[in-house]
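Please examine the sequence and the three-dimensional structure shown below.

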Number of protein chains: 2
Amino acid sequence: MVTVIGIDPGLANTGWGIIETDGIRFKYITHGTINTTNKLPSNLRLKSIYDQLSDIIDKYKPSHAGIETLYFAKNVVSALPVAQARGVQLLTLGNKGIITGEYTPIQIKQSVVGNGRATKIQVQEMVKLLLKLKAIPKPDHAADALAAAICHVHSVRTANV
Amino acid sequence: MVTVIGIDPGLANTGWGIIETDGIRFKYITHGTINTTNKLPSNLRLKSIYDQLSDIIDKYKPSHAGIETLYFAKNVVSALPVAQARGVQLLTLGNKGIITGEYTPIQIKQSVVGNGRATKIQVQEMVKLLLKLKAIPKPDHAADALAAAICHVHSVRTANV
């Protein structure tokens, strides 16, 4: 069994989810969010993300990770702080030696639903189905993170890594 | 004497410089660049930045840092990877407990030259003058990093921190 962490990057709220897989079936383990307050200066806010994500990795010991890419059509000003947080998340995975795949929202939708233009709710319903959950995981960021983890498993399976 | 590191953030090339100050005079210590290759996947590239910057901090033991903000008027696609790298640099400073100030290019020009619309060469000439150097530090990124360090000293002096 391989343990995979999925991450939906953010600065104030980052979704994460842990699944196990034998390459065919999925087992849901847990999910949650990493939260930071804008009352902290940015370097300490990033340190808080690093510390929280490090603790999650130490606890669940994933060997693989799937992390969503950022897509900002317009507002570069709001994109940069989120990109800085995502950089810290990629670093944390790198520091822990985790094999990491990065996936666009379209790739994740294609992988989880079979349709790159699927709606958010379609993705969430498929996450619920594939992980045999009784309800859609909340909040949305965590459901998106679990979708990123599932996408990574599909991707690695195809690549025969 | 206080040791200050200045950083001009980048992904492929990050400028850095170290100065000492008693709050009035400056003493140049050294400068350089942190380089990464685009042949590495992004999480290992960010890890390389983290490791290189950590080594510099461990060697010169700055207690303060001045780091330039990013300014991207147009191209968000090229901005995001640099923002990710800058996030890792802010994190590295946070993990080392370094008091960090973030400054826009205009603030740095205003602080170093006395004119927020100064040219790049004017900034570099003032860096050379203030640090009593025989030549303008090369490459440009490192000169910009030393300017960020000087700006931080001016800023902290004004704030009486």
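## Backbone features and chain contact

P139(A) lies in the loop between helix 4 (120–130) and helix 5 (140–159) of chain A; helices (H or I, at least four residues) and strands (E, at least two) are DSSP runs, numbered from the N terminus. The structure is a predicted model, in which local features need pLDDT of at least 70 and side-chain atom pairs count only at pLDDT 80 or more, while totals for chains, interfaces and linings use all residues. Residues are numbered from 1 along each chain as its sequence is written, chains are lettered from A and ligands numbered from 1 in the order in which they are written, and side-chain values use heavy atoms, with hydrogens and water left out.

The peptide bond that leads from K138(A) to P139(A) is cis. In chain B, a cis peptide bond likewise joins K138(B) and P139(B), and P139(B) is placed in the loop between helix 4 (120–130) and helix 5 (140–159) of chain B. A further backbone feature concerns K61(A), which has a positive phi although it is not a glycine. K61(A) belongs to the loop between helix 1 and strand 4 (64–68) of chain A. The angles are listed here.

| Site | Angle |
|---|---|
| K138(A) to P139(A) | omega near -5° |
| K138(B) to P139(B) | omega about -5° |
| K61(A) | phi about 50° |

As for confidence, chain A has a mean pLDDT of 93, with 95% of its residues at 70 or more; pLDDT is the predictor's confidence in each residue, from 0 to 100. The model scores are ipTM 0.90 and pTM 0.92.

Chain A is superposed on chain B by a rotation of 180° with 0.0 Å of shift along its axis, at an RMSD of 0.0 Å. The two copies are thus related as by a two-fold rotation axis. The superposition is by least squares on the C-alpha atoms of residues with pLDDT of at least 70 in both copies. Of the residues of chain A, Q84(A) comes closest to this axis, with its C-alpha at 2.1 Å.

The contact (heavy atoms within 4.5 Å) takes 22 residues from chain A and 22 residues from chain B. N43(A), Q84(A) and L91(A) supply 27% of the area that chain A buries against chain B, more than any other three residues. Because 100% of the interface residues of chain A are also interface residues in chain B, the copies meet through the same surface. Together the chains bury about 2,000 Å², 64% of it on carbon and sulfur atoms; this is the accessible area (1.4 Å probe) that two parts lose on being put together, summed over both.

Between chain A and chain B there are 0 salt bridges, a salt bridge being a side-chain nitrogen of Lys or Arg within 4 Å of a carboxyl oxygen of Asp or Glu. Helix 2 of chain A gives the most to the side of chain A that touches chain B, with 12 residues.

Within chain B, S111(B) is found in helix 3 (residues 105–113). Not counting residues up to four places away in sequence, S111(B) touches I150(B), C151(B) and H154(B).
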